[in-house]
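Visitor: I would like to learn how to read side-chain features in a model. Please take them one at a time.

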Amino acid sequence: MSLSSCLLPFSQSATAPSSSVCSCHLAASFSNFPVSSRHYSFSRSGSLVLNGGGSNLCRRFCGLKLWILKSLNRRQGNNRKHQPVNELTTHSKHTFLSDDERGFAEETRAEDLRPEENILGTDLNDGFHKVGDLPPVSKQLSDDLSDVRRRASLCIAVVGATGELARGKIFPALFALYYSGYLPEDVAIFGVSRKNLTDEDLRSIIASTLTCRVDHQENCGGKMDAFQSRTYYINGGYNNRDGMSRLAERMKQIEGESEANRIFYLSVPQEALVDVACTIGDNAQAPRGWTRIIVEKPFGFNSHSSHQLTKSLLSKFEEKQIYRIDHMLGRNLIENLTVLRFSNLVFEPLWNRTYIRNIQVIVSESIAQTEKFSDGYGIIRDIVHSHILQTIALLAMEPPISLDGEDIRNEKVKVLRSIRKIDPRDVILGQYKSSSRDKNGVILNGVDPTYCAAALYIDNARWDGVPFLVRVGTGLIKHRVEIHVQFRHVPGNLYRENIGINIDLGTNELILRDEPDEAILVKINNKVPGLGLQLDASELNLLYKDRYKTEVPDSYEHLIHDVIDGDNHLFMRSDEVAAAWNILSPVLEEIDKHHTAPELYEFGGRGPVAAYYLWAKHGAPWADD
């Protein structure tokens, strides 16, 4: 081997594979190596010249390869155990040692790897570069070659990390995304709360809530360990400004100097939301990359408080940075609404007042599913304001010019602004009967309604005169989340006599069911086999669990994934929030003004009787419980 074979411009010699008998594969990235200053010099052209005979040079380069492998192995983190050099000679599938190389491995000891003898002055104990006054070529090596340490390209902070929502939903959703490959490998997860905890404490808290997908369980334990190793805790304390500053500093340490994006999930009480969001806006936004914040519903208590909240958020963030999340909008049913409407010719031509008699949106929670709504907000502010009105907007909107989030939001807000002022007589409130604490541990607060039924009308050319009937309740006989689109009667139906007395039974109906079993059902009339002419109303049934064997992602997983992708069509924009409050505020003011008492209904029953009369008033058949 000639000495000239080792005379290369440094940027080339660092990456070019060796063609000599040394068999040293130098494709690995490295930032320093243990070569004493007595073994190299610099030429006028800026090339590195390694001094010594061919044999010594060969053995030094082979030692370089072994040191790289050892250094890489040291920095793999908690998922792999450290291996000594002699183990690398047998376990690395990329390494085949010649006799000279093996001899060097045996004679190389710790003294050959002393930090003071490497040309970049790297501290091998912690892996952080300490580049000082370097020769020009060495500086080029430091700049050109990638650092072995992993830097975070995305940081996600969960503020309120020890709360029930974070432990039960947010962290499991983040791990599910990480496990399925929808988060970058170098993601960094931060939990922030006021408790005095360590990184290990947080990892222990969330460990029991993390599960791998049923449909693919490969490397579950390894992925879980990797995810937890990238999870960190920040004690935010009681001063939000100091806490967010500490969070930003920790993020900066992990991000390094590379471009990185940040997401802040604000799982905090409403009274703390503005202060937390503003301190993040002032102290913790990404210096290089985008920043997005996720805000949990409800979005204010009324029009005035919602306006103040929006004003505060927009003082620190742009509209495109704010994601107002409602987990019920992350259901597959909601995402499927636009697909069914705009990708199937059979539905869109019928999607108007000429063919549709009424549309019913039903969210019914059974005894087993009963949940307590946000304190003092009740079912109208907690569910109707966001989930129900957003569902109606997606059902009723005109085709957007594209699937871009802003284009869809533009069409949704038009629908919300077209909804007629609600007549208070078209709103039925209910509250289930219970002692101070029922058997599910749900505590009633004053007269906050647990049931709401209402009739809404959209004053535009497509939907003029078509009632949109809403019923939302908890503590009911059956758990169901459904949308019923009931079509009009067939004009001059030739088979009217064969349908029977109740012509409504022969009405076509499209049912989109999310729970209990996700399905798409179409009710049609068909002839019963036999010699007679008897008609029967049957269902064409697409049951998802029979048709698709994949596990359906949780709604939080779906929505967080949309935030990462920048897809905002399922998140309410500021003007949508304001338009929704304009619909509900007059009703809420009437309720407060007259101290309207909800109608009591049996816990585990069918809801207030008055709701049946409301359906009859608007000529709509009651969808069976």
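Predicted model: local features only at pLDDT ≥ 70, side-chain atom pairs only at ≥ 80, totals over all residues.

Visitor: How many salt bridges does a search of the whole structure find?

Guide: The search looks for a side-chain nitrogen of Lys or Arg within 4 Å of a carboxyl oxygen of Asp or Glu. Over the whole structure it returns 30 salt bridges.

Visitor: Which residue forms a salt bridge with Arg 409, and at what N to O distance?

Guide: The partner is Glu 576, with 3.9 Å from N to O.

Visitor: Which residue makes a salt bridge of 3.3 Å with Glu 576?

Guide: That is Lys 412, again a side-chain pair given as N to O. Lys 412 sits in helix H14 and Glu 576 in helix H18, 164 residues apart.

Visitor: Are Lys 412 and Glu 576 buried or exposed?

Guide: The test is relative accessible area, and buried means under 20%. Lys 412 has 0%, so it is buried. Glu 576 also counts as buried, because its relative accessibility is 0%. Arg 409 is buried as well.

Visitor: Which residues are linked with these in a network of salt bridges?

Guide: The network consists of Glu 406, Arg 409, Lys 412, Arg 573, Asp 575 and Glu 576.

Visitor: Where do Lys 545 and Asp 517 lie in the chain?

Guide: These two form a salt bridge, with the closest N and O atoms 3.7 Å apart. Lys 545 lies in helix H16 (residues 544-547), while Asp 517 is in the loop between strand E15 (509-515) and strand E16 (519-527). They are 28 residues apart. Lys 545 has a relative accessible area of 49%, so it is classed as partly exposed. Asp 517, at 31%, is partly exposed too.

Visitor: How many disulfides does the structure hold?

Guide: In general, a disulfide is a covalent bond between the sulfur atoms of two cysteines. Here there are zero. As for the cysteines themselves, Cys 155 is buried because its relative accessibility is 0%, and Cys 452 is buried at 5%.

Visitor: How should I read an aromatic pair?

Guide: Take the distance between ring centres, then the angle between the planes; over 60 degrees counts as edge-to-face. The structure holds 12 aromatic pairs. In one of them, Tyr 451 and Tyr 601 are 5.7 Å apart centre to centre with 65° between the planes, which makes the pair edge-to-face. Tyr 451 is in strand E12 (residues 451-457) and Tyr 601 in strand E18, so the pair ties together parts that are 150 residues apart in sequence. Both tyrosines are buried.

Visitor: What else is Tyr 601 in contact with?

Guide: Beyond its neighbours within four places in sequence, its contacts include Gly 430, Tyr 432, Thr 450, Leu 476 and Pro 608. A polar atom of the Tyr 601 side chain lies 2.7 Å from the backbone oxygen of Thr 474. The C-alpha atoms of Tyr 601 and Thr 450 are separated by 9.9 Å. With a relative accessible area of 3%, Tyr 601 is buried.

Visitor: Which residues form one aromatic cluster, and which charged end sits over the ring of Tyr 178?

Guide: The cluster is made of Phe 175, Tyr 178, Tyr 179 and Phe 227. The charged end over the ring of Tyr 178 is that of Lys 223, 5.1 Å from the ring centre. Elsewhere, the charged end of Arg 292 sits over the ring of Trp 290, 3.6 Å from its centre.

Visitor: Which side chains make polar contacts with the side chain of Asn 358?

Guide: One is Gln 360, at 3.3 Å. Another is Gln 486, at 2.9 Å. Asn 358 lies in strand E10 (residues 356-366) and counts as buried, because its relative accessibility is 0%. Leaving out residues up to four places away in sequence, Asn 358 touches several others, including Val 466, His 484 and Ala 620.

Conventions. Residues numbered from 1 in each chain as written. Heavy atoms only, no water. Buried < 20%, exposed > 50% of the residue type's maximum accessible area, 1.4 Å probe, protein only. Helix = DSSP H or I, 4+ residues; strand = E, 2+ residues; numbered from the N terminus. Disulfide = S-S within 2.5 Å. Contact = heavy atoms within 4.5 Å. Polar contact = N/O pair within 3.5 Å; in protein donor to acceptor, adjacent residues only side chain to side chain. Phe/Tyr/Trp six-rings, centres within 6.5 Å; stacked < 30°, edge-to-face > 60°. Lys NZ or Arg CZ within 6 Å of the ring centre and 35° of its normal.
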